[in-house]
Structure formats: C-alpha cells, structure tokens
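Keep the structure in view as you read.

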Amino acid sequence: MQFFTYHTVRHAHHCAASACSTLIAAAQKPLSGISLVICTLLVLSTSGSIVASPEHSHDSVGYFDMPAEYGDVIFRIHPHSPKQLYIIGISHRDPNSGANNSTTVRTQMEIFRIGEWLKEKRGLDLLLPEGYFAAGKSISSPAPSAIDASKRLHPVPDNAYLQESLAADSPGINAEKLLMQHYNLHASQVEDWKIYNAVRSSLGKLKTTSDGSDEITGNIAELIYLQEVRTAQLLQNIPGVIEYEFLRGTVDNRSALFTIGLNHIKDIFRYIENEEIYIESPSGIQSDSLTSNLNLLQSGYGITIIIPRTLADDHKLLQITHIDRILLAGGEHSGRNRQK
C-alpha cells in the first residue's frame, strides 16, 4: 500500500473528516495528526479496482424516474424483485465540532427528498442508518392510531423548512429523523456493536501512537481492515433485519433505505459485482481472510445505489472515493440495470 505525505493529507482533510465522523462523534474526541492520516487513508484506499461487469445493460433512464435534482442512480441490480434495498451514499458533519460543512445542508435536503420519493412511489417504510443504535435494535414512530388520514405526522415540509431545520447544527436533526417525523418511517439497527467498538478501539490506539513510531504502518493496516469488515457486516445484517421487521408487522414490505458514508460505496459495489465478500487479512494482523456469499444476493434482493445531487456533482470527491470508476464503467448513463 502506498502511503501519502503529510502535504497530501492536508489537502484531503475534508474527505478524511467525513470518513471518520460517525466513529469520532461517538468518541467525542478531536482528531490528532495521526488520526487524520488514518481517516484519509480510509477514504483513499481501495482493496481492488472497481470495474463494472459487462453483464450490465443500459435501461431507459425513465424506469427509475426519480427527479434528477435529487441525485443520480449509479447502479441497479434486480430491479423487478419484490425485495429492494436502496443505498444512499451520504456526507457527514464535521467530526470535531458537529457543525455543518458547506454542502451538508443541501445534501441532507436531497436525502430527505429521495426518502420522500421512495416512500410515495415505492412504499418505503424502513430506514437503516449507519451508526444508528437503539434499545431493542429498532425504534418505531407513533402507533398507526396516532397518524392522520394522510399517514403523516406533520405537514409536508417545504425547502425553507428543511433548510432551517437542518442548518441548526443540532446532531439530533438529520434527514432520517425528519423522514420519521413526517412520514412515519421506522428505523432499525444494522450496526454490530462488536465490530463497531473494535474500529473505535483501533482508532483510539492510533491516537496514542507517535507520528514517527514503527507501529503506525501496522496500526493503519489494522484499522482499514476492521473498517472493511464493518462495512461487510452492515450489508450482511440487512436481510435479516428487514425480514424481522416485516414478519412482526412493523413494515408492509421487504424494502429499506440504507444510508452510509460515501467512502463505503466502493467496497459495497465491489462485493455486489463479485457476488461475494472477500477481505484479505493484512500482514501482521492475527485474523483470517474473510470470504462469504453476499446475503443480499442470496436472498434475492434488488439493490439501487444513489448519490445525492450535490455529491454527484462534486467530481473531485467522486475521484477521491473512487465512485468515478463506477460512473466511467457505466458509460454515458449513470442509471444502470442488470437483469437476471
């Protein structure tokens, strides 16, 4: 693996902060110099080239007729399955202060509109946010008897309301929370505490490692490995969580919206393209390489990956996160289907 100079790290500060925001916010500690290097590498590193399979065929853009101002559909598979997972690559607030960056509010507004569209056009009932934990692994909106005839808890928000709410720099208000309030969507946990805490512990260990230490390379490799394992575990947990919520009557169908940091998308795409999860254990790490079938595909799920418009238009960010390779492989159309 090629490591980047401090000068390069400084230029990647914004993306590094985004990559680690969920974990750093949970720890509520500022980034040290070495942690910034690690977070940057988590964004910039990739475990393999992202090359779209020639099996993918271009379908009419109108098939998934989400308004273009909300975002781009960069990948689709099994669009006709009754089981559907919609994945949105998101950006996070500043991990140190919790404040919005220059694009956070616009991106969050777009995420809300995407969720709103999926609710109205695809019957979406379930949210699966990265970094979400709840007692009993899920949280319900008020009972149906408390919902008005339109099945909304509050009037449909206009853009002015969304902008005001999301610009408040309050960590409790985000697109997912507003979707729960206005559309009675249910949120459920797909995070695994064990691997989540392992990543936090690895990051904490790096914070105490001096910049010139010989341990840095090994610690960086460990953190990248654990983050990739965490991404895979999130995906593997999703079908079981959706099935659980469906069978107990919480939701009316087997579909969900999974929101996750943009830097995870390249690995998610690779797992889907390869139709399996393969994570090689780095040298010096006492863990086995991991190989597993992808539960989503084994369970017959259709998968759609969506990038909010503001992020989709940021070409530098797409390069840093390697999403540009997915787009280039798709040719001139960003919305693609693979029919099986």
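Thr 321 counts as buried because its relative accessibility is 2%; buried means under 20% relative accessible area, exposed over 50%, partly exposed in between, with a 1.4 Å probe and protein chains only. Thr 321 sits in the loop between helix 12 (315-320) and helix 13 (323-329). Helices here are DSSP runs of H or I with at least four residues, strands are E runs of at least two, and both are numbered from the N terminus. A polar side-chain atom of Thr 321 lies 3.5 Å from the backbone oxygen of Leu 318.

The model is predicted: local features need pLDDT of at least 70, side-chain atom pairs count only at pLDDT 80 or more, and totals for chains, interfaces and linings use all residues. Residues are numbered from 1 along each chain as its sequence is written, and side-chain values use heavy atoms, without hydrogens or water.

His 322 is in the loop between helix 12 and helix 13. Its phi is positive, near 65 degrees, and His 322 is not a glycine. Most residues other than glycine have a negative phi. His 322 counts as buried, because its relative accessibility is 10%.

His 78 also has a positive phi, of about 50 degrees. It lies in the loop between strand 1 (71-77) and strand 2 (84-90). At 17% relative accessibility, His 78 counts as buried.

Now the interior. A nonpolar core is a set of buried Ala, Val, Leu, Ile, Met, Phe, Trp, Tyr and Cys residues joined through side-chain atoms within 4.5 Å. The largest has 50 residues; Ile 87, Leu 128, Ile 238, Phe 258 and Ile 265 touch the most other members. Helix 8 (residues 216-247) gives the most to this core, 13 residues.

Methods. Polar contact = N/O pair within 3.5 Å; in protein donor to acceptor, adjacent residues only side chain to side chain.
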